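Hi there,

Here is the structure I promised to pass on to you. Have a look at it first, and my notes follow just below.

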Amino acid sequence: MIILDNAQTKKLEDFAVKNGGFDHKRLMENAGASVCRFINEVIGSANKSVAVVCGIGNNGGDGFVVAKRLLEGGAKVRILLALGTPTTDDAKRFLKESEAAGIKTLSFTHEDDKSEFAKTVGNSDIIVDAIFGVGFHGTVSDELSEVIEMINSSRGAVVSVDVPSGVDSDSGEVSGACVRADYTVTFSTRKPGHVIYPAVDYCGEVHVAAIGIDDHVIQEQEHHISTIDYDDVRRCFPKRSNNTHKGTFGKLLCICGSIGMAGSATFAGKAAVMSGVGMVEMAVPAEIYPIVAGNLIDPVYFLLKTNEAGTVSSDSIPLILDKMKNATAVMIGCGMGKGEDVTAVVEAVIRNSEVPIIIDADGLNAIKDNLGVLREAKAPIVMTPHPGEMARLVGKTNVEVQSQRLEVASSFAMTFGVYMVLKGANTVCATPDGRIMINLTGNPGMSKSGSGDVLAGLLGSLLAQGMDPEEAAACSVHIHGMAGDSAAGKYSQQSMTANDIIIEFSDIFRDIEKK
């Protein structure tokens with residue numbers, strides 16, 4: 001599903017008004033009606049007390065429509081003006097209509113109303129938050145913070161209109177008081193704030209409602225951000241022909257491991273084996289071969305020389321380059337450790353590979369001081385850092401990366417011409433041409449050692465099978481998250497392991513093959 005920011009949403013609605021046969025007033029009426037419909041279908045409003053807390057702009061206008069529609073459906077409704085009377089013509093018109101229908105209005109800006117205002121919020125079964133919409137930026141005032149605290153302390157279900165008030169819809173930032181919604185009803189498309197943390201924590205369950213704009217008009221709207229959807233993932237996997245052999249499905253060379261890090265190599269190799277590649281070749285230090293091969297017998301192994309630190313020696317570069325000649329993708333970095341030899345190996349792979357490369361974990365750390373080597377690559381590169389690794393790559397703190405995930409990932413991808421997979425909650429996939437895909441599968445139980453290695457092996461397998469790097473990145477993070485969700489459902493987030501994620505691949509691929 002495409003995601004539109006504030007400016008793109010305004011452009012979409014202006015286009016719809018110009019070409020769709022209705023005006024902004026009609027869009028506001030449709031928006032309010034869709035929120036009312038959601039409340040009635042999901043929560044139920046008949047005979048319930050509802051407080052509709054409204055701002056002074058068009059988001060408040062949506063709220064006035066909601067109030068009148070809920071009253072007509074049998075709810076006991078009050079309109080609460082958080083900032084005083086509305087300032088836009090459409091909002092003023094709908095407030096008058098609501099008051100004419102008999103809805104009582106209280107204003108927090110009137111000292112005499114404040115006590116009853118607070119009681120109404122605290123005692124209502126449903127609170128509709130229509131204070132700020134997608135245009136909000138910055139920090140709410142101290143006075144309005146009081147209103148937001150009332151909403152957050154109330155006993156009722158909280159439904160935010162478009163975005164929770166206090167969320168910056170474009171950046172996902174929350175810099176002060178913010179409504180914590182149980183549900184958010186947005187219009188036409190999700191907005192960045194619905195999928196970027198910390199805003200996600202305030203949105204609750206997000207529902208996208210239609211307001212009369214044709215879907216083909218929405219899909220044609222210029223955009224650069226989208227979510228990764230399972231139906232799109234399934235379409236990336238063609239039906240396998242009967243007349244095939246292992247060479248048909250590619251050969252992945254995995255350059256992984258160091259003394260003490262056999263598990264990383266094992267997880268990456270097993271994930272690759274379990275996701276469809278015709279052959280996995282493992283290039284691992286000779287010292288860890290018995291451990292890795294003892295847990296994973298499917299691949300072919302090539303043994304690498306090690307140095308005194310227990311990591312791969314640069315003396316192994318000729319063997320690695322030779323084995324790369326027959327691979328259809330190369331994955332490097334999982335558990336390799338640090339040091340000059342590791343850096344030399346990673347740089348040699350980048351400069352010489354003629355097939356797609358996945359750089360993960362220690363492979364990323366190895367090139368952080370020489371990012372220019374990425375521009376020397378002959379083939380596509382997909383990089384898969386977690387936030388800490390990303391911070392080292394761009395010279396920022398972990399906190400800075402997490403607060404600017406879309407910008408950091410996209411800027412790096414475009415600057416160096418790589419495909420960037422910035423891991424974490426709602427993983428960000430960024431392309432060299434500026435497009436961003438956000439994954440919504442996965443759960444905190446995946447924050448375990450080995451989970452990233454599993455993703456690297458899965459991604460490498462899809463690339464080795466010939467999938468386009470953009471599609472491979474999107475499909476791998478989505479399937480990885482789905483498998484994690486399935487594992488959590490069976491074993492709990494607390495107890496699930498990286499190996500449990502791999503085991504769940506088979507059910508997902510079985511479903512993909514049903515089409």
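Asp162 sits in the loop that runs between strand E6 (157-161) and E7. The model is a predicted one, and in it the phi of Asp162 is near 75 degrees, a positive value in a residue other than glycine. I point this out because most residues other than glycine have a negative phi. Is Asp162 buried or exposed? With a relative accessibility of 10%, Asp162 counts as buried, because the cut-off for buried is under 20%.

Asn426 is a second residue to look at: this non-glycine has a positive phi of about 60 degrees. You will find Asn426 in the loop between strand E16 (419-422) and strand E17 (428-430). Its relative accessible area is 11%, so Asn426 is buried.

While you are looking at the backbone, please also go to Tyr197 and Pro198. The peptide bond that joins them is cis, with omega at about 10 degrees. Most peptide bonds are trans. Pro198 belongs to the loop between strand E7 (183-187) and helix H7 (200-203).

Now for the overall picture. The chain contains 21 helices and 18 strands. Its C-alpha trace spans about 85 × 50 × 40 Å along the principal axes. Of the 515 residues in the chain, 57% are buried. If you take the contacts between residues at least 6 apart in sequence, 71% of them join residues at least 24 apart. The accessible surface of the chain is about 21,000 Å², and carbon and sulfur atoms account for 48% of that surface.

Ile2 has Ser226 in E9 as its bridge partner.

Next, the charges. The chain carries 46 positive and 64 negative charges, and the mean positions of the two sets are 4 Å apart. Side chains of opposite charge can pair when their charged atoms come close. Searching the whole structure gives 22 salt bridges, and I have picked out a few for you.

- Lys10 and Asp14: these two form a salt bridge in which the closest N and O atoms are 3.0 Å apart. Both residues lie in helix H1 (residues 6-19), 4 residues apart, which is about one turn of the helix. Lys10 counts as exposed, at 52% relative accessibility, and Asp14 counts as partly exposed, at 31%.
- Lys11 and Glu222: their side chains meet in a salt bridge of 3.8 Å, N to O. This pair links distant parts of the chain, with Lys11 in helix H1 and Glu222 in the loop between helix H8 (215-220) and strand E9 (225-227), 211 residues apart. Lys11 is partly exposed, with a relative accessible area of 49%, whereas Glu222 is exposed, with 58%.
- Asp322 and Lys325: here the salt bridge is 3.9 Å, N to O. Asp322 counts as partly exposed at 36% relative accessibility, while Lys325 is exposed, with a relative accessible area of 67%.
- Lys490, Glu504, Asp507 and Arg510: these residues are linked in a network of salt bridges.

What is Thr120 in contact with, leaving aside its neighbours within four places in sequence? The residues are Ala51, Arg78, Leu80 and Leu106. Thr120 counts as buried, at 12% relative accessibility.

Best wishes

How values were computed
Residues numbered from 1 in each chain as written. Predicted model: local features only at pLDDT ≥ 70, side-chain atom pairs only at ≥ 80, totals over all residues. Heavy atoms only, no water. Helix = DSSP H or I, 4+ residues; strand = E, 2+ residues; numbered from the N terminus. Buried < 20%, exposed > 50% of the residue type's maximum accessible area, 1.4 Å probe, protein only. Contact = heavy atoms within 4.5 Å. Areas by Shrake-Rupley, 256 points an atom, 1.4 Å probe, with all protein chains shown as cover. Lys, Arg positive; Asp, Glu negative; His and termini not counted. Charge placed at Lys NZ, Arg CZ, Asp CG, Glu CD. Salt bridge = Lys/Arg side-chain N within 4 Å of Asp/Glu carboxyl O. Pairing = 2+ DSSP bridges.
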